[in-house]
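Colleague: Hi! Could you walk me through this one?
Modeller: Happy to, let's open it up.

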Amino acid sequence: MKLTGSSPEDTEAIGYKLGRLLKAGDVVGLYGDLGTGKTTMVKGIARAFGIGSRDVTSASFTIIAEYASSPPFYHIDLYRIERGSDLDDTGIWDCLGRESVAVIEWAERIGDELSRDFIKVFLTDLGDGRREIAIDGIHEEDWNNL
Amino acid sequence: MLILGIDTSCDDTSAAVVEDGKRIVSNIVSSQSDIHAKYGGIVPELASRRHLEMIMPVVDEALLAAGISLADVSAIAVCHGPGLIGSLLVGCSFAKAVCYARDIPLVAVNHLEGHILSPFLETPAPTFPYLSLVVSGGHTSLYIAEEYGKYAEIGRTRDDAAGEAYDKVSKLLGLGYPGGPVIDKLSEAGNPKAIDFPRAYLPETLDFSFSGLKTAVLNFLRKERGGQRTGSSSFILHPSSLLNDIAASFQAAVIDVLVRKTEWAIKKNRIRQIALSGGVAANSGLRKRMKEMGEDKGIGVFIPPVFLCTDNAAMIASAGYHHFLKNEIAGPDLNPRAYLQL
């Protein structure tokens, strides 16, 4: 499914809509360069779990930000992880699946095998503030029925 | 009265002995930056393992340097958040165990309170109320310190912390981690007006936003350097006047926002004193500009020396002293929290 947005507000709103489709155990991988709106999208997804927009900030520094929502929400940011072998040192595997919802920025850092079951969101800068947002792994009819 | 302070909130293992909340008797900081440099930042799991190795020798050294033993300590103050949970756990578990074994009172201190009160470790110290700008890799927040234990947050970053913007831009420029010192250094030789990077002033609030600035630097580099980029991270820039200009122009954009918003906060709250703390407060450009602004406006500016701006346990011991005076003692059920409100 391909969407386009023309502002950070659009990206946030698409994130919110996606968040409403998520259930415990889901993992969302966000793919896209610096400045394409990944953290903005996380703010939108987190809003669907009752987490305030101002409470979601970049997680690049801490790598993992945990929110005591129901279900628990993990905001993961792998920006600083350059090699696959370093992933195990981050502790992210303890956050994925089970009873929680996790959203991973820079999901490129995780290999194909391990990200097979992710819902994937690809963000592309189209210039002039416009973004293409392609979502893989959800049913278009669920999206349209929201 | 001597307080032993312990801080393991991020990547530095630190222990300090402070007398009466003011006089630093010893302050030991064991930095891990060499361990984390190859990752372009701190890796939480590695940090906690390193804390585990370092906590005992660092505390021993702090006591030794102070020429005292645990028997001379009135209380142990430990940072219980905010920070990396695995790192905080090491300091808290250690402090709880020592306090239990030696029957020493335990005091819990919020890391941000430590930063806010750090100017009291110097003379002259500010008097309440004062405005505190805490600016680091994990935080960029404005507080009004009304009295010991009473702080009102009036602004914070909505996305990246200022220190994080430094680290991200440093990575884009292939300058490594941490980004602050190297960009600060290059800035000295650059023209801060060479490139007009955007300043997100968010005039309706005292909140900050540094995410767009990093994107602007990326877009500038894309235009300037085209495809010469290694993977999704660094552009290849050799030492040059262009590199210096980018560093200086980026730094000017960060500092303009920090100083201007501090100025607004002073005006809005009719406050006459500012304190600066956190890792980015070590930045020479920011220190200079904040002092100039203070002189210009007739405002007292209190900036602790660099070793008290970056993470340290002396500020934890100092803040802990005031909790101890109020008999605010933590129990054995104290648990650290990665997100902890002041």
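Colleague: How many aromatic pairs does a search of the whole structure find?
Modeller: The search gives 14 aromatic pairs over all chains. Keep in mind as we go that this is a predicted model.

Colleague: Can you show me one? What is the arrangement of the rings of Tyr31(A) and Phe122(A)?
Modeller: That pair is stacked, because the ring planes of Tyr31(A) and Phe122(A) are at 25°, and planes under 30 degrees apart count as stacked. The ring centres are 4.8 Å apart.

Colleague: Why look at both the distance and the angle?
Modeller: A pair of aromatic rings is described by the distance of the centres and the angle of the planes.

Colleague: Where do Tyr31(A) and Phe122(A) lie?
Modeller: Tyr31(A) is in strand β2 of chain A, residues 27-31, and Phe122(A) is in strand β6 of chain A, residues 119-127. The pair therefore ties together parts that are 91 residues apart in sequence.

Colleague: Changing topic to the two chains. How many residues does the contact take from chain B and from chain A?
Modeller: Chain B gives 34 residues and chain A gives 26 residues. Between them, the chains bury about 2,600 Å², with 48% of that on carbon and sulfur atoms.

Colleague: Why quote an area?
Modeller: The size of an interface is often given as the accessible area lost when the parts come together.

Colleague: And how many salt bridges are there between chain B and chain A?
Modeller: The count is four salt bridges. One salt bridge is formed by Arg54(A) with Asp207(B), where the closest N and O atoms are 2.8 Å apart. There are also ten residue pairs in polar contact between chain B and chain A, both residues being at pLDDT 80 or more.

Colleague: Which elements give two or more residues to the chain B side?
Modeller: On the side of chain B that touches chain A, they are α2 (44-66), β8 (150-156), α5 (162-172) and α7 (211-225) of chain B. By class, that side has 15 charged residues, ten nonpolar and nine polar.

Colleague: OK, now inside chain B. What does the domain assignment give?
Modeller: Domain 1 of chain B covers 2-117 + 308-325, and domain 2 covers 123-303. The centres of the two domains, taken over C-alpha atoms, are 27 Å apart. Their contact takes 16 residues from domain 1 of chain B and 19 residues from domain 2 of chain B.

Colleague: How much area is buried there?
Modeller: About 1,400 Å² is buried between the two domains of chain B, and carbon and sulfur atoms give 70% of it. In domain 1 of chain B, the residues that lose the most area to domain 2 are Leu112(B), Ile116(B) and Cys309(B), together 42% of what that side buries.

Colleague: How many salt bridges and polar contacts link those domains?
Modeller: Between domain 1 and domain 2 of chain B there are zero salt bridges, but four residue pairs are in polar contact, both at pLDDT 80 or more. On the domain 1 side, α4 (111-117) and α10 (306-309) of chain B each give two or more residues. α4(B) gives the most, with five residues.

Colleague: Last topic: backbone. Which residues does a cis peptide bond join?
Modeller: One joins Thr123(B) and Pro124(B), with omega about -5°. Another joins Phe128(B) and Pro129(B), with omega also about -5°. Pro124(B) is in the loop between α4 and β6 of chain B, and Pro129(B) is in the loop between α4 and β6 of chain B too.

Colleague: What about phi at Asp128(A)?
Modeller: Asp128(A) has a positive phi of about 55°, although it is not a glycine. Asp128(A) is in the loop between β6 and β7 of chain A.

Colleague: Why point those out?
Modeller: Most residues other than glycine have a negative phi, and most peptide bonds are trans.

Notes: Residues numbered from 1 in each chain as written. Chains lettered and ligands numbered in written order. Predicted model: local features only at pLDDT ≥ 70, side-chain atom pairs only at ≥ 80, totals over all residues. Heavy atoms only, no water. Contact = heavy atoms within 4.5 Å. Buried area = accessible area lost by both parts, 1.4 Å probe. Salt bridge = Lys/Arg side-chain N within 4 Å of Asp/Glu carboxyl O. Polar contact = N/O pair within 3.5 Å; in protein donor to acceptor, adjacent residues only side chain to side chain. Helix = DSSP H or I, 4+ residues; strand = E, 2+ residues; numbered from the N terminus. Nonpolar A, V, L, I, M, F, W, Y, C, P; charged D, E, K, R; others polar. Domains from an automatic or database assignment. Phe/Tyr/Trp six-rings, centres within 6.5 Å; stacked < 30°, edge-to-face > 60°.
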